[in-house]
Amino acid sequence: MIKIRLNFICLCIFLGQAATTLLAQEINKEEVLNGMFKSIPSPYEISSLIKKTGVKFNSEIINAPDNYQKYNDDYKKALNLGIYSSDLGYINIYDTPDTIPPAYLKTILAMSSELKIDQLINFTAITGFAFSKDLNGLLSETSSSFEKINRHFIENDRPELSALLLTGGWLETLYLTCQVARDKPNKLLDNKIAEQKIILEQLLPILSQYSEGKEMAKLVEKMSNLQELFKKIKIKEKIKANNNFTIEKWGKLEVVVYRNEASKTANGIKYNQEDLDQILTASIDIRKSIVE
Amino acid sequence: MIKRLPFQLIRVCLLISALLLPELMFGQCDSQVFTDKGIRELNKQGGYTYLKSYPVSGENGKKYSYIFSQGTNYMIALANRESDAKGIFITIFDSNKKEIATSRADGKFYPAVSFTCKRTGIYYLQFSFDNTREFCAAGVLGMRR
């Protein structure tokens, strides 16, 4: 009897530990993907830089909204939803003709519906923010929608779709920056392209976790080749910390302000134009295989 | 032995539930209201554009990462039930885990921190609670060029 009880206690401990390990693994996977959503810079950061360079809006470089009808499987839909979302970010910072933003919103709505995630996007709120030109409201609402979509895919055992959504969004941001930099060379944009090395280093290990299946494996291979090109770029990460701060009152808000001005010249990034050209060519190639 | 089986199953279930309970408890904080409060602070500071929001729940706070960009000025607004975000603070570390900024200066809590990134890279945002029993808050990141 004592032996049976001991076995039973061992079984309980084992089951308990197995359950927590499984849960921890699931939570960890979710945490990694959620963490990546939080970690990747908002596409607005680059879009605003593109606009600052004085380059005019170019509808030729973004994915045509009608193309969505070509995307028949979830793999392509998730990747292109990421692409269209970055395109929408690019569109929103310009005063584009009134027909363009609704066309892209309509496409995103149609693709979301096909992926059964349209209930997670508050299109009424997004349209309201867009019309009232409330950029912070718009960015917050879209960001929140993407986090809900991410959780939905994970909870429904489709985490690979989250990884694809992230990859599509990042790839489009890289592609747009490369295209603009090619049309109007600019050191700030070149630096921004080189800095994408840091993001790819975070993104690729996540995407590689889901490399099962022919299409996914091929995409991971292409992204790995892109990473090889980025390896030629050298980024010095060490900086001299300056912990001097002041307390300032901004209206009613008390803010701790660190006045550590960044150097305008020394950015710790080393690359040559040939490296960037190769990255542009590779990003065009990968994007083409996704949008066509 | 067979009659005892349902009790054993109940005990297994109870044990597993006890192990899972701490994970379930974190779901009780709805930080969206504090995110909205943080966004309102960003809006009041002209020129800052929303980038990300960070819900924070649980006694141990929460750690996030973000890739900050050289030359960009960032602001992180903190919000909780208090009007001045007392009880929640943020510490920002670089990739070498070196502290570069904090909203808790000279032992006092401040509701916002602003800094200009000196080098593009991955940074860690550690949100922590202190001297509070309310473990629910949010941080909102904004930028301006």
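Which residues have the most contacts inside the largest nonpolar core, and how many residues does this core have?

Modeller: A quick word on the ground rules. This is a predicted model, so local features need a pLDDT of at least 70 and side-chain atom pairs count only at pLDDT 80 or more, while totals for chains, interfaces and linings use all residues. Residues are numbered from 1 along each chain as its sequence is written, with chains lettered from A and ligands numbered from 1 in the order in which they are written.

Now to your core: it has 106 residues, and B:Ile76, B:Leu78 and B:Val113 have the most contacts inside it. A nonpolar core here is a set of buried Ala, Val, Leu, Ile, Met, Phe, Trp, Tyr and Cys residues joined through C-beta atoms within 7 Å. Buried means that 20 or more other C-beta atoms lie within 10 Å of a residue's own; with 12 or fewer it is exposed, and in between partly exposed, with C-beta atoms placed from the backbone. The largest share of the core, 13 residues, comes from helix α7 (residues 159–183) of chain A. As a general rule, nonpolar side chains tend to be buried together in soluble globular proteins.

Let's zoom in on B:Leu78. Setting aside neighbours within four places in sequence, its contacts include B:Ala85, B:Ile88, B:Ile90, B:Pro111 and B:Ala137. A contact is two C-beta atoms, placed from the backbone, within 7 Å.

One of those contacts, B:Ile88, leads us into strand β4 (residues 88–93) of chain B. Helices (H or I, at least four residues) and strands (E, at least two) are DSSP runs, numbered from the N terminus. β4(B) belongs to an open, antiparallel sheet of four strands in the order β2-β9-β4-β5. The edges are β2 (62–68) and β5 (99–102) of chain B; each has a single partner strand, so one side of each lacks a neighbour in the sheet. Ignoring direction, neighbouring strands are turned by 25° against each other on average, going by axes fitted as lines to C-alpha atoms, with angles that run from 0 to 180 degrees between N-to-C directions.

B:Ile92 shows both pairings: its bridge partner in β9(B) is B:Leu125, and in β5(B) it stands opposite B:Ala101. β4(B) and β5(B) form a hairpin with five residues between them, and B:Lys97 in the turn has a positive phi of about 65°.

Over in chain A, helix α5 (residues 123–131) makes a handy comparison. Its A:Ile126, A:Phe129 and A:Ala130 are buried. The buried residues pack against α4 (100–114) and α6 (135–155) of chain A.

As for confidence, pLDDT is the predictor's score for each residue, from 0 to 100. Chain A averages 87, with 86% of its residues at 70 or above. Helix α1 (residues 2–39) of chain A is lowest, at a mean of 62, and α9 (residues 214–230) highest, at 96.

Conventions:
Two strands pair if DSSP finds at least two bridges between them.
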